[in-house]
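Thanks, everyone. Please have a look at the next model while I talk through it.

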Amino acid sequence: LGLSSDIFLLGYVASFSTKLADTFASEIGKAYGKTTFLITTLERVEPGTEGAVSAEGTAASVLGGLLLTMYGWGVGLTPLS
């Protein structure tokens, strides 16, 4: 295809980072989310509701995504250049 193998490694790490971010968001959000809002209407809903977001879950999502991204970079799967 004429593509560098780095692009495939980047996609590999990005897919797993996304999966971990989603898992962190849902599990931490359900367990520790104090105030949850429905993403479509912004009305308050109970934690665990499909489509609900919380600040705690969103912060956990960022942490999870960064964690695996930095690991991929640390072991050389996603070079800076």
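Tryptophan 73 sits in helix α2, residues 55-74. Helices here are DSSP runs of H or I with at least four residues, strands are runs of E with at least two, and both are numbered from the N terminus. Tryptophan 73 is partly exposed, because its relative accessible area is 41%. On the cut-offs: buried means under 20% relative accessible area, exposed means over 50%, and partly exposed lies in between, with a 1.4 Å probe and protein chains only.

Two words on the source. This is a predicted model, where local features need pLDDT of at least 70, side-chain atom pairs count only at pLDDT 80 or more, and totals for chains, interfaces and linings use all residues. Residues are numbered from 1 along each chain as its sequence is written, and side-chain values use heavy atoms, with hydrogens and water left out.

Back to tryptophan 73. Together with Val62, Leu66, Met70 and Leu80, Trp73 makes a nonpolar surface patch of about 560 Å². Patch residues have over 30% relative accessible area and no salt bridge; like charges are joined within 9 Å, and nonpolar side chains (Val, Leu, Ile, Met, Phe, Trp, Tyr) within 5 Å. A salt bridge is a side-chain nitrogen of Lys or Arg within 4 Å of a carboxyl oxygen of Asp or Glu. The areas come from the Shrake-Rupley method with a 1.4 Å probe, and for residues only the protein chains shown count as cover.

Now the rest of α2. Which residues of α2 are buried? Gly57, Ala60, Gly64, Gly65 and Gly72. They cover an arc of only 135° around the axis, so they lie on the same side of α2. That arc is taken from the directions from the helix axis to the C-beta atoms. The face turned away from the buried side carries exposed Ala55, Leu63 and Gly74. Length checks out too: at 1.5 Å a residue, the 20 residues of α2 should span 28 Å, and the end C-alpha atoms are 28 Å apart. The expected span is 1.5 Å times one less than the number of residues.

Take glycine 72, in α2. Glycine 72 counts as buried because its relative accessible area is 2%.

Next, helix α1, residues 5-32, which includes tyrosine 32. Buried or exposed? Tyrosine 32 is exposed, at 57% relative accessibility. From tyrosine 32 to glycine 64 is 32 residues in sequence and 15 Å in space, C-alpha to C-alpha. Isoleucine 28 is also in α1. Isoleucine 28 is partly exposed, at 31%. Between the C-alpha atoms of isoleucine 28 and threonine 58 there are 8.9 Å, for 30 residues along the chain.

After that, the loop between α1 and β1 holds lysine 34. Lysine 34 is exposed, at 70%. Its C-alpha is 9.7 Å from that of glycine 57, 23 residues away along the chain.

Last, the sheet. It is open, with three strands in the order β2-β1-β3 and antiparallel pairing. β2 (44-45) and β3 (52-54) are the edge strands, each pairing on one side only. Two strands pair if DSSP finds at least two bridges between them. β1, residues 36-38, pairs with β2 over two bridges. Threonine 36 faces valine 45 in β2. Leucine 42 lies in the loop between β1 and β2. Leucine 42 is exposed, at 61%. Its phi is near 65°, positive in a residue other than glycine.
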